[in-house]
Amino acid sequence: MRSHKMLFGLQLGFTLAVCAFLIVPVVLSILAGLTSNYFVGLESGLTLRWVFEVWDGYRDTIFRSIGISLACLLVTLVLGVPTAYVLTRSGSRLSRVVEELLMLPIAVPGLATALALISAYGGMGSFRTSWTFILVGHVLFTLPFMVRSVLAVLASIDLKTLEEGAASLGAGFRQRFFDIVLPNCRNGILAGSLMVVTLSIGEFNLTWLLHTPLTKTLPVGLADAYASLRLEIGSAYTLIFLLMIVPLLLALQAIARPRRKRFIRDDPVPEST
Amino acid sequence: MIYLLLPAAAFFGAFFLLPMCRLFLVGGSGTRGWSAYTAILTDPVYFNALLATLGVAAATTVATLLISAIAGVFLQRHRFPGNALLVSMLTLPLAFPGVVIGFMVIMLAGRQGLIGALTQALGGDKWVFAYSLGGLFMGYVYFSVPRTILTVMSATEKLDHRLEEAARSLGASTWRVVLDVILPGLKPAFISAGAICFATAVGAFGTAFTLAARINVLPMVIYTEFTLSANIAMAAALSFVLGAVTWLVLALARTAAGSTVAAAG
């Protein structure tokens with residue numbers, strides 16, 4: 001029994017150390033963003049000066065990132081939900097191939113995707129310099145997450161029976177899609193949406209090559225600030241970023257936890273994150 | 001019904017498949033011609049970068065799997081007050097972008113970092129390793145631990161308790177149970193999580209970019225070729241090869257583990 005206690009203690013200690021490794025730098029960065037002079041330490045006093053400085057200098061990147069992420073959400077919903085539905089219903093060899101293809105943009109590094117986009121469309125000046133160029137990259141990268149999230153929910157319910165029931169009562173395709181399919185994959189759509197917005201707001205690998213001086217996003221501004229401004233400003237900027245992204249992450253955690261059982265098929269589908 | 005796929009297919013064809021084909025052609029259009037695609041093996045500069053990249057990725061994968069296995073199995077198996085809080089703290093950095101993670105490494109191991117301050121206070125040298133391969137390794141582990149812990153936890157949840165009880169009742173020690181029952185049961189999860197970890201570390205760019213331009217890993221080399229040397233053909237060839245490598249790693253893992261595997265970040 002004593003050795004069991006000791007083992008428990010060792011594992012708990014280890015887990016706490018891992019937790020500290022992940023959380024301590026976040027706390028340090030928040031503190032640095034609110035400290036007058038981080039080199040001197042907290043004695044130099046707390047201030048919102050750096051936050052305001054970031055707000056003045058980089059406000060546009062914040063709004064641009066929010067705008068792009070919402071546009072990205074809209075496009076991934078329109079493209080992704082019907083795709084997930086077709087993939088669930090057809091279940092053929094073709095749908096395996098389509099799924100495989102759709103996942104490619106997250107298997108291939110963002111750098112490669114961005115260079116590919118530039119080599120194909122870099123010559124189209126007005127498209128290259130507009131924010132929609134970044135949007136295209138974000139949609140490529142986030143679409144797989146929306147599709148997978150909706151697929152996971154659709155695969156766990158017996159959609160075929162539900163639809164057949166509705167059809168036998170005279171519901172047309174449009175009615176079935178909006179009244180049966182969409183409400184049933186609500187949770188998948190919600191989880192997918194949160195994921196898409198979170199990833200789009202934080203996307204850097206693609207965006208760094210796709211952006212122009214007039215279309216800087218938040219992470220691009222962050223990289224700028226880290227490279228050229230003092231630590232306090234980088235930290236304050238990170239703080240603003242965290243304020244935007246942490247609520248989304250907490251919401252994601254909250255909807256991932258309770259697994260309500262509905263019209264469940266026999267084989268459970270492993271969660272894919 | 002299949003026509004519902006058309007919008008996504010059109011988007012994907014126009015903005016991914018077509019550009020990728022174009023990238024492949026551009027890769028062969030430089031001064032080296034098609035031999036640009038083999039330069040990664042024949043040119044020492046690129047080959048060394050490849051070795052450094054694969055080395056960091058391998059080290060990241062091993063460290064992440066070790067850390068996540070211990071913490072993940074522990075959190076899934078023991079319910080205690082604060083468990084849920086620990087899990088949510090451990091998975092909070094899940095969607096932090098590479099740039100931010102680079103900054104977190106700087107907060108820990110940078111010039112004004114915590115580790116430097118601690119080692120100095122303890123009377124030793126000031127440890128600063130953020131701007132090197134060591135910092136990159138730390139950043140990739142930071143990035144990969146949250147998602148790997150989640151994978152380990154959900155795989156542990158699905159393990160059959162009865163197998164462990166049977167092993168115990170037959171007199172197996174805790175270590176034997178871990179080695180012969182728990183670890184083999186978690187193997188598919190390890191393979192898929194490890195592959196994601198490896199592929200992400202090979203292709204990630206943001207963390208290296210924040211830490212230093214001098215870190216000689218492939219994504220940084222590609223970026224320098226593209227911007228500083230304006231050698232677009234070489235950048236295209238290298239990134240095409242890099243994409244093929246990460247895709248291959250994930251595809252192999254998927255065949256081995258039998259589930260959907262994809263990198264993120």
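In this predicted model, the secondary structure of chain B consists of 12 helices and 0 strands. Followed along the sequence, chain B reads α-α-α-α-α-α-α-α-α-α-α-α. The C-alpha trace of chain B extends over about 70 × 65 × 35 Å along its principal axes. Chain B has 265 residues, of which 49% count as buried. Among contacts in chain B with a separation of 6 or more, 71% come from residues 24 or more positions apart.

Chain A can be described in the corresponding terms. It holds 12 helices and 0 strands, and its pattern along the sequence is α-α-α-α-α-α-α-α-α-α-α-α. The principal axes of its C-alpha trace give a span of about 75 × 70 × 30 Å. Of the 273 residues of chain A, 46% are classed as buried. For contacts in chain A with a separation of 6 or more, residues 24 or more positions apart supply 78%.

The domain assignment divides chain A into domain 1, covering 1-47, and domain 2, covering 59-256. The C-alpha centres of these two domains of chain A are 32 Å apart. Contact between them involves 6 residues of domain 1 of chain A and 6 residues of domain 2 of chain A. On the domain 1 side, the residues that touch domain 2 of chain A comprise 3 nonpolar, 3 polar and no charged residues.

Two helix pairs in chain A show how its segments pack, and α9(A) takes part in both. The crossing of α2(A) and α9(A) is right-handed. From α2(A), the residues involved are A:S65, A:I68, A:S69, A:C72, A:L73, A:T76, A:G80 and A:V81. Their partners in α9(A) are A:I189, A:G192, A:S193, A:V196, A:V197, A:S200 and A:I201. Sorted by class, the contact of α2(A) with α9(A) has 8 nonpolar, 7 polar and no charged residues.

The second pair joins α9(A) to helix α12 (residues 231-256) of chain A, with axes that come within 10 Å and cross at roughly 155°. The two helices, α9(A) and α12(A), are therefore roughly antiparallel to each other. Here α9(A) passes α12(A) in a left-handed crossing. On the α9(A) side, the contact is made by A:N187, A:L190, A:A191, A:L194, A:M195, A:V197, A:T198, A:I201 and A:G202. These meet A:M244, A:I245, A:L248, A:L249, A:A251, A:L252, A:I255 and A:A256 in α12(A). The class breakdown for α9(A) with α12(A) is 14 nonpolar, 3 polar and no charged residues. In α9(A), A:V197 and A:I201 are listed in the contact with α2(A) and again in the contact with α12(A).

Attention can now turn to the contact between the chains. Across it, 71 residues of chain B are in contact with 64 residues of chain A. Helix α1 (residues 6-27) of chain B gives the most to the chain B side, with 12 residues. That side of chain B has 55 nonpolar, 14 polar and 2 charged residues.

Helix α11 (residues 218-227) of chain B brings both chains into one local picture. Of its 10 residues, 8 are buried, so the helix is largely enclosed by the rest of the structure. The buried residues of α11(B) are B:L218, B:P219, B:M220, B:V221, B:I222, B:Y223, B:E225 and B:F226. Within chain B, they pack against α3 (44-77), α9 (174-203), α10 (206-211) and α12 (232-257). From chain A, α4 (110-121) also packs against them.

B:A167 counts as partly exposed because it has 17 C-beta neighbours inside 10 Å. Leaving aside residues up to four places away in sequence, B:A167 touches B:A172, B:R176, B:V177, B:D180 and B:V181. One of these, B:D180, is 13 residues from B:A167 in sequence, and their C-alpha atoms are 8.9 Å apart in space.

Note on methods:
Residues are numbered from 1 along each chain as its sequence is written. Chains are lettered from A and ligands numbered from 1 in the order in which they are written. This is a predicted model: local features need pLDDT of at least 70, side-chain atom pairs count only at pLDDT 80 or more; totals for chains, interfaces and linings use all residues. Domain bounds come from an automatic or database domain assignment. Two residues are in contact if their C-beta atoms, placed from the backbone, lie within 7 Å. Ala, Val, Leu, Ile, Met, Phe, Trp, Tyr, Cys and Pro count as nonpolar, Asp, Glu, Lys and Arg as charged, and the others, Gly among them, as polar. A residue is buried if 20 or more other C-beta atoms lie within 10 Å of its own, exposed if 12 or fewer, and partly exposed in between; C-beta atoms are placed from the backbone. Helices (H or I, at least four residues) and strands (E, at least two) are DSSP runs, numbered from the N terminus. Axes are lines fitted to C-alpha atoms, for helices over the stretch in contact, and angles run from 0 to 180 degrees between N-to-C directions. A crossing is left-handed if the near helix is turned anticlockwise from the far one by less than a right angle, and right-handed if clockwise. Angles under 35 degrees count as roughly parallel, over 145 as roughly antiparallel, 65 to 115 as roughly perpendicular and the rest as oblique.
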